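This report describes how parts of a single chain are arranged and how they meet. The sequence and structure are shown first, and the description follows.

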Amino acid sequence: EKPGLELTVVSVPSYACQRHTPLLHHNTILTDALSILAENAELSENEGRGVAFRRAAALLKSLPQEVRGAEQLRGLPCLGEHSLRVIKEVLEDGVSHEVETTTHSEQFKAMKALTGIFGVGAKTADRWFREGIHTPSNLQRSGHTLNRAQRAGVCYYDELNLPVTKPEAVAIGQIVERAVHAVLPGAEMTLIGGFRRGKQTGHDVDFLITHPDEGREEGLMPKVVSWLEAQGFLLYQKTTGNSYLESKEGPARPASNMDRFERCFSIFRLSTDNEGREIQTGREIQTGEGPRSWRAVRVDLVVSPYSQFAFALLGWTGSKLFERELRRWAIHEKAMTLSSHALYDRKRYLRASSEEEIFAHLGLEYIPPCDRNA
Ligand code: DCP
Ligand code: MG
């Protein structure tokens, strides 16, 4: 063995929720390759395969050094046969044949382009692909009837595929805060999702809203949405109601991983005009009709009762794989069920008012949001 190549890792735990995974890490070339294969598997609705690649990538993201040779990977968990093969190829040749073939494949490109339309999932995109529709313009010419979300998705396609910057997220946050305080004084708003994990860009901006007096948050979402609509901040919105059943023993046990909070999927109209009132993101959007002074931004709003706030915060901070790993840890290692609403030790509801308490209930070391980038 070549000297100096051995990683100074004694052991790496196998669940991503047991590890610190920073945003910036040492193995981007490898994780980019694995992420392409994960994405392709997800677009082909092969969830198991997607998760396997995501777990392998997450393991590499948590390593303290760059991997230079396959021998350094001996004894590490989460690296399946297929992932190892891809990693070795990239280490030896600089590229993986399978990754190259995938990124150049017509199907992958079309599926990415079509699922890049807001309101279009893998199933719909696949159906259209089989009909010979490969791009949003193919779709527009096809004469297909689109639903309201998809029409907005096509209309703002380019902008919604432009990363949302941190200053834009902050500007949106100021607007949402004004809305929330206008309709319910004392309500609290927290930035969640990727931006809470320290990301500098995102595909959307996510916010969690609550009120310290339990019950006051009920019916809050329609009021927030009406205020935003009246002020002309919304290009699109779809609100789904809270369908969560509560009993004296605490929130109902999760029937699935689906959240049942009051939720609003929206597209904001964010002013980018430096002459504009409060928002100064200084970004000019080019359209077919020339430049304009606002851009469309995807924004997700979630309302949670105060008693469930810590669970909602933990469940909505992500990353998606980190969340999945937390739930897997809870079930398989602790015989507990975790959701964005509650944690149950068999039948017993475990109360928590902070993320730290939830990690403690789960017997896990606390991992701060910036280290949940699995
Ligand atoms: N989430 C989840 N499962 C879902 C939807 C959301 O676990 N089906 C959680 C984890 C995500 C968070 O909510 O991190 C926000 O969802 P996003 O899709 O917005 O993901 P991110 O904010 O992490 O990424 P991006 O920067 O692309 O918005
Ligand atoms: Mg997000």
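Predicted model: local features only at pLDDT ≥ 70, side-chain atom pairs only at ≥ 80, totals over all residues.

The remainder of the report concerns domain 1 and domain 2. Seven residues from domain 1 and six residues from domain 2 take part in the contact.

Between them, domain 1 and domain 2 bury about 610 Å², and carbon and sulfur atoms account for 63% of this area. On the side of domain 1, 73% of the area buried against domain 2 is supplied by Glu39, Leu43 and Glu45, more than by any other three residues.

Two salt bridges are counted between domain 1 and domain 2. A salt bridge joins the side chains of Lys123 and Glu45, with an N to O distance of 3.2 Å. Glu45 is also among the three residues that supply 73% of the area domain 1 buries here. The count of residue pairs in polar contact between domain 1 and domain 2, with both residues at pLDDT 80 or more, is two.

Helix 1 (residues 28–43) provides five residues, the largest share of the side of domain 1 that touches domain 2. By residue class, that side of domain 1 comprises three charged, two polar and two nonpolar residues.

Methods
Residues numbered from 1 in each chain as written. Chains lettered and ligands numbered in written order. Heavy atoms only, no water. Contact = heavy atoms within 4.5 Å. Buried area = accessible area lost by both parts, 1.4 Å probe. Salt bridge = Lys/Arg side-chain N within 4 Å of Asp/Glu carboxyl O. Polar contact = N/O pair within 3.5 Å; in protein donor to acceptor, adjacent residues only side chain to side chain. Helix = DSSP H or I, 4+ residues; strand = E, 2+ residues; numbered from the N terminus. Nonpolar A, V, L, I, M, F, W, Y, C, P; charged D, E, K, R; others polar.
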